[in-house]
Amino acid sequence: MENNDIKPKKEKVPRQKMPEQDPKVRVRNFNEVPTGYTEEIAMTEAKRCIQCKKPGCITGCPVDVDIPGFIGLIAEGKFVEAALKLKGTNALPAVCGRVCPQEDQCEKFCILGKKGEPVAVGRLERFAADYERNTGKVTIPPRAKSVGKKVAVVGAGPSGLTIAGDLVKLGYDVTIFEALHKAGGVLVYGIPEFRLPKAIVEAEVDYLQKLGVKIETNAVIGRLKTVDELFAEGFNAVYLAVGAGAPVFMNIPGENLSGIYSANEYLTRSNLMKAYRFPEYDTPIVRGKKVAVIGGGNVAMDSVRTALRLGAETATIVYRRTEVEMPARIEEVHHAKEEGVQFQLLTNPVEYIGNKEGWVTGLRCQRMELGEPDQSGRRRPVPVAGSEFVIPADTVVVSVGTMANPIVPATTPGLETNKWGYIVAKDASGQTSREGVYAGGDIVTGSATVILAMGAGRQAARAIHEYLTRS
Amino acid sequence: MNRIIVKKDLSENVVQMVLEAPAIARKRKAGQFVILKMDEKGERIPLTIVDSDAEAGTLTIIFQVVGKSTAALAKMKAGQSLSDLQGPLGNPTEIENYGRVVCIGGGVGVGVVYPLAAALKKAGNHVTSIIGARCKSLLILEEEMKKVSDKLVVTTDDGSYGFHGFVSAVLQQMIDAGEKIDRVFAIGPVPMMRVLCNVTRPHGIKTIVSLNAIMVDATGMCGACRVSVAGETKFTCVDGPEFDGHAVDFDLLASRLRMYLDQEKQSMEAYRCQCHGK
C-alpha cells in the first residue's frame, strides 16, 4: 500500500487555462475563441502528467491515442515528435484537440482528476498539431507499397477521412466520394469557424491527399453512381460514411414561415458557404435581430453563437428540459453564457406566429416541468397547463436533431436499415448486410460525435483490410 | 472539368450553356437538375437539365438573369470552367404513356418543360405544348418544342406573337372545347402555375408542376427548399422537384421565394458598382 503522507509535498501546478478572446470582442467576429497554448504553457501543462504505468486516459479514447507518450514528448519540448506520435493513431489531431468531448473520454479517466483537475489532454493535442502545422514541419511518410486493391469511401466527413488515411497507409488505392463541393463533412458545413477554423480542416484534408487519398467532390453516390456501380467500376470494398444529414423539424404550425431555419441550413450557409461574409461571398443569410434557437445540444450552441456574431441583439436558447440535461458540452454552454446568450429553459415551442408577409414574428411556447424518467433515463418534460406565452423572434433556428439521409440506402439493394433508416452494422467492424460494404459514423449510430465517427472509421479500416487480405 | 462548351443568348436575359459533364450526362433523366457553382465565392445554383448528350458527355442548361449570381454566370464565356457541378439531382419525371398530355411552359420555364415534352413524346403520348412569354423577343425554344410536340401553341402577353394572352387561356379553351386531356405538366412562374392548377382542378385533370424553391445543398440536408404539399412538409430537392400541383401551397412557396429579396438587391448593387469600377 502506498503511503502518501510521507511523500515530500510538491507544489501543485494547476491545470493550465487556454488564453481566449475577450467575450465582448469575439462576439462580433468569427475568429477562433481560444487562442491556444504557448510553448511555455504547453510544457507546464504536460509536466503535470504523471505518466501512469497503466494509463486510464487511453481506455477513454475511441482511437487509442498514446496519450502519455505524446504528452511526455511535449514536456521534453519535442513538439514535432509529439505531433507525429499523435498522427500515428489519429488522422485529425488538430480537429480532435478542438472538438472532442475530452471531459467524457480521456480526461474523465485521468488519475489527477480524482482529487483535482485532469491533465488538459485536448488542449495539449491541439497545441502539438498546431505547432507542427504552423511551423511547416509537416512530414509526409513515404507511400506504402500498393496492394493492388481499390476502396471507395462515401462521404468525406470525420469517419471517411479517418478510414481513407488508414487504408492508404496500408497500400490501398482509396477514393473518397463527397456529395458537397468541399471535403470535411460536418467539420466544414457544421462546426463554425470560431470553434474550428476551416484552414485547419483544409490542411488535414490536404495531408491525406498528399498521402495518396483521392477525393472526388460533387459526387452524390446514389445519384451520380450507385454502390453497385462502384463495385462494377472495380472497387473491391465500399465504406459508407454519409452522416445523419437530414434535419428534423417538430411539425408544429407555422414551421415553414420565412425566417425559420434548420440548424443544418443556418450553419451550412454560414460555414460552408461563408454567408457571414456576404456580399463578398454570394450566399445570403438572414441577420436576425431577435433570434431563437430551439434545442440544447452542441449544434444549438453553435447556431446561437453564430446568430450573435451575425449581429443579433438577443439570441436565446429555448430548451424543454433544464441545464443539467442539456446534451451540449459544458464548455460550449459556458462560452455561450459569456457571450450573452439567454436561456429559456423548461420551455417548448408549440406554434410559430407570422406576419402577413409570411415572416416569423414569434414563438408561442409552453412552460414545462420534469416528470418521470423516460427511456433515455432523463426526466421527461411535461407541459404545465395554462403556461403559454410568446417569445418574440424574427429568426428561428430549429436544432432538435437529425436523421438518416435515405439516398444511399434507397439505391443500394440488399442493404439492411433499421426502422429509423440507419444502416445496420453487424458489429463494431461496420460490416453491413452486403458483402464488401461497410458503414460507420452517424449513418449507423445516429447523431454522435466526431471522434466516435473517427473510431468507427478506424475499426472498419481494420475489418476491410482483413476482408481484402482474405479474399 | 465543368467546361462551358457553347454559350448562346436565347433572348435579352436568357442564356443557354452546353457544359462538359460526362458522368452526369450518362445518368441524367428528364426532370432532374444540377447544382452549379461558378467559383470559390459563388452560390450553389439549382438549374434543370434541359438536355443531355451521353455520347458527347454534355449537358444543356438555360437560365434567366435575375440577380448577381446569374448576371455573373451570364458573363462567362465558352472555354471557361465552372468550379463545381453536382448532379443529377431530384427525382426524374414519371414518364409513361398517359394518352393525351399538355406541356405548358412560361418564360424560362419552357426550358424546364422541354425535356419532359421530349420524353413524353418518346413514350408515345400525344403532346400538345403551350409556351408563352411576355413578348416575342423573350420567347425561347420554339423550334425545339415544335419538334417534340404534336401540336404547339405560342402565346405572348402583349400579343406581339402568336396567341394574345396567357397560356392558361389556351388551356381553358382546350378544356371548354371538350378536348380530352389525361395529364398536364405546367412549369413557369409561381402565379402561372397557380392559375393553371385552378383551371384544371374543377375538371380533375392531374397537373404536375416543377417547383423552383430556394436550395442550398440539394441533397436533403438543409430543408431550405421545404414546401407544403397536401398539408405535409416536403423537400423540393429530394421529394420533388415535381409535385401534384393541386396539392401545392403556392402562397407558401411564393413567400419563401421572397426571403432574400433585400440581400439579392444588396448583392446586385455591390456587383454593379464593381463592374462599373473596372
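Here are some friendly notes on the predicted model above, point by point.

1. **Ground rules.** In this predicted model, local features need pLDDT of at least 70 and side-chain atom pairs count only at pLDDT 80 or more, while totals for chains, interfaces and linings use all residues. Residues are numbered from 1 along each chain as its sequence is written, chains are lettered from A and ligands numbered from 1 in the order in which they are written, and side-chain values use heavy atoms, leaving out hydrogens and water.

2. **Cysteines.** Counting a disulfide as a pair of cysteine sulfur atoms within 2.5 Å, the total over all chains is 0. For Cys57(A), the closest cysteine sulfur belongs to Cys49(A), and at 6.6 Å that is too far for a bond. Cys57(A) is also buried, at 10% relative accessibility (buried means under 20% relative accessible area, exposed over 50%, partly exposed in between, with a 1.4 Å probe and protein chains only). Over in chain B, Cys103(B) is in no disulfide either, its nearest cysteine sulfur being that of Cys197(B), 14 Å away. Cys103(B) counts as buried too, at 0%.

3. **Nonpolar cores.** A nonpolar core here is a set of buried Ala, Val, Leu, Ile, Met, Phe, Trp, Tyr and Cys residues joined through side-chain atoms within 4.5 Å. The largest has 84 residues, and those touching the most other members include Ile67(A), Phe70(A) and Tyr239(A). Helix 18 of chain A (residues 450-470) gives this core its largest share, 10 residues. A second, separate core of 54 residues includes Val220(A) as well as Val102(B), Val153(B) and Val190(B).

4. **Around Phe70(A).** Taking contact as heavy atoms within 4.5 Å, and leaving aside residues up to four places away in sequence, Phe70(A) touches several residues, among them Val65(A), Lys85(A), Leu124(A) and Glu125(A).

5. **A helix pair in chain A.** Helices (H or I, at least four residues) and strands (E, at least two) are DSSP runs, numbered from the N terminus. Helix 14 (residues 298-309) and helix 15 (residues 330-338) of chain A pack with their axes 10 Å apart, at an angle of about 20°. Helix 14 of chain A is therefore roughly parallel to helix 15 of chain A (angles under 35 degrees count as roughly parallel, over 145 as roughly antiparallel, 65 to 115 as roughly perpendicular and the rest as oblique). Asn298(A), Met301(A) and Arg305(A) in helix 14 meet residues of helix 15 including Glu332(A) and His335(A).

6. **Thr60(B).** This residue sits in strand 5 (residues 58-64) of chain B. Thr60(B) is buried, with 12% relative accessible area. Its contacts, not counting residues up to four places away in sequence, include Gln16(B), Val18(B), Ile49(B) and Asp51(B).

Note on methods:
Axes fitted to C-alpha atoms, helices over the stretch in contact; angles between N-to-C directions.
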